[in-house]
Amino acid sequence: MCHWNTVNWNCIIRKETLEEKLSEEEKHALSRLQKELSEQKKVELLFTDADLEKDITFFLSGHHVKLEECMLLATEPEEVAWAKKDADSDSDSDQLTIIGYEVPDFSKQMPLSNVDMLLLGLEEVDTEFLLRTFQRKHHLPWRILETKRCYLREITLDDMDDLFDLYNKKGITDYIEPLYERQEEEEYQRAYIENIYGYYGYGMWLAKEKGTHRLIGRAGIDYRMLGEEEIIEMGYVIAPEYQRQGYAYEVCQAIMAWAKSNLDFRRIDCLVEAGNEASLGLLHKLGFQETEKINQDGKIFRHFRYFYP
């Protein structure tokens, strides 16, 4: 879900240099993308015959925007080389988000190491895809989904105080692992953001109350191996003051729907430690079926599965 007013970014497309290389199908996809961007006032189409440096300099000065607020859809290796050269000459300039578009049937190959994202076609590209590429470049958290009363977004290192406050509440770590010491936890979360969010695009998120933006819990999905099987496991924890108000059910329902729409798994799993009666009741209410008991690290977990219809 995109919240355009919270992120200032602009997409630069050098229309003439791009359209001449496209098939009719890709031209239609480009027109559709341009329309979406125009509706959000997020696109600048450059029609001049000037070189890239003059084009972008003209755009920046004319619109009073900074280079780090821009995203370039590059179709020429020379465009990427210019952007990286500019970045190398000024460490503050390595903020231009570069999406390389390797035009089908075009002889020039895009350098993989110098772009933030490589496209092989425009059919599946939309404004949310572009926004999230921009956010990932600038280490901005993705806002994943919304429910009636709250929203889920990725964690950042700025959330550490709230996270420790949550985990220090009574009963929170009865059935989940506690946090590490502060420095070690920050190192863990830094690696988690880069390697889990960055690679999978999902993970454990923060649950925030709409309006107040207070942290009410954590919930999300982790990829894991269960024996020799690849699964996605849903996890959740709600702060004591928000329990028994339907938040866990509301959040988990939304996560299950999100996973069905966005991930290529036909089911979602949960492992619940014996004695966690609140979670057992929630999973039955959500439609999960218990399959077996599993011994992990000396603890007995009840294994639940939900198969998507």
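Select strand β3 (residues 70–74), which gives the most to the lining of the largest cavity, with three residues. Strands (E, at least two residues) and helices (H or I, at least four) are DSSP runs, numbered from the N terminus. A cavity is a set of points, on a 1 Å grid over the protein atoms alone, where a 1.4 Å probe fits but cannot get out, and lining residues have an atom within 4 Å of a point. Rolling a probe the size of a water molecule over the atoms shows where empty space is left.

Now select the lining itself: Cys 11, Leu 33, Met 71, Leu 72, Leu 73, Ile 99, Leu 119, Leu 122, Val 125 and Leu 130. What kinds of residues line the largest cavity: nonpolar, polar or charged? The lining divides into 10 nonpolar, no polar and no charged residues. Here Ala, Val, Leu, Ile, Met, Phe, Trp, Tyr, Cys and Pro count as nonpolar, Asp, Glu, Lys and Arg as charged, and the others, Gly among them, as polar. The space in this cavity is about 40 Å³, and the count of cavities of 30 Å³ or more comes to one. A volume is the space filled by probe spheres set on the points, with grid points joined across faces, edges and corners.

**Step back: the whole model**

Before going on, zoom out. This is a predicted model, in which local features need pLDDT of at least 70 and side-chain atom pairs count only at pLDDT 80 or more, while totals for chains, interfaces and linings use all residues. Residues are numbered from 1 along each chain as its sequence is written, and side-chain values use heavy atoms, with hydrogens and water left out.

Colour by pLDDT, the predictor's confidence in each residue, from 0 to 100. The mean is 86, and 87% of the residues reach 70 or more. Select residues 1–6 and you will find pLDDT below 50, although this stretch has 16 contacts in the model beyond near neighbours in sequence. Contact means heavy atoms within 4.5 Å. Where pLDDT is low, the predicted coordinates should not be read in detail.

Switch to the cartoon view, where the secondary structure comes to nine helices and 13 strands. Of the 309 residues, 47% count as buried, which means under 20% relative accessible area, with exposed over 50% and partly exposed in between (1.4 Å probe, protein chains only).

**Second stop: an open space**

Next, select Arg 132, Arg 136, Trp 142, Tyr 197 and Gly 198. The second largest pocket holds about 990 Å³ of space, and of its 32 lining residues these five are the closest to its centre: Arg 132, Arg 136, Trp 142, Tyr 197 and Gly 198. Helices α5 (127–137), α7 (182–200) and α8 (247–262) are the elements that each give two or more residues to this lining. A pocket is an open set of points with protein on both sides within 12 Å along at least five of seven lines.

Which element gives the largest share of this lining? Helix α7 does, with seven residues. Colour the lining by type to see 16 nonpolar, six polar and 10 charged residues.

Select residues 160–167, helix α6, whose buried residues are Met 160, Leu 163, Phe 164, Leu 166 and Tyr 167. They are on the same side of α6 because they cover an arc of only 155° around the axis, the arc being that of the directions from the helix axis to the C-beta atoms. What covers them includes α7, β8 (204–209) and β9 (215–226).

Asp 159 counts as buried because its relative accessibility is 5%. Leaving aside neighbours within four places in sequence, Asp 159 is in contact with Arg 153, Glu 154, Leu 206 and Lys 208.

**Last stops: inside and outside**

In strand β9, pick Ile 221. Is Ile 221 buried or exposed? Ile 221 is buried, with a relative accessible area of 0%. Its C-alpha atom is separated by 4.9 Å from that of Gly 203, 18 residues apart along the chain.

Finish with His 139, in the loop between α5 and β6 (143–146). His 139 is exposed, with a relative accessible area of 72%, and its phi is near 60°, a positive value in a residue other than glycine.
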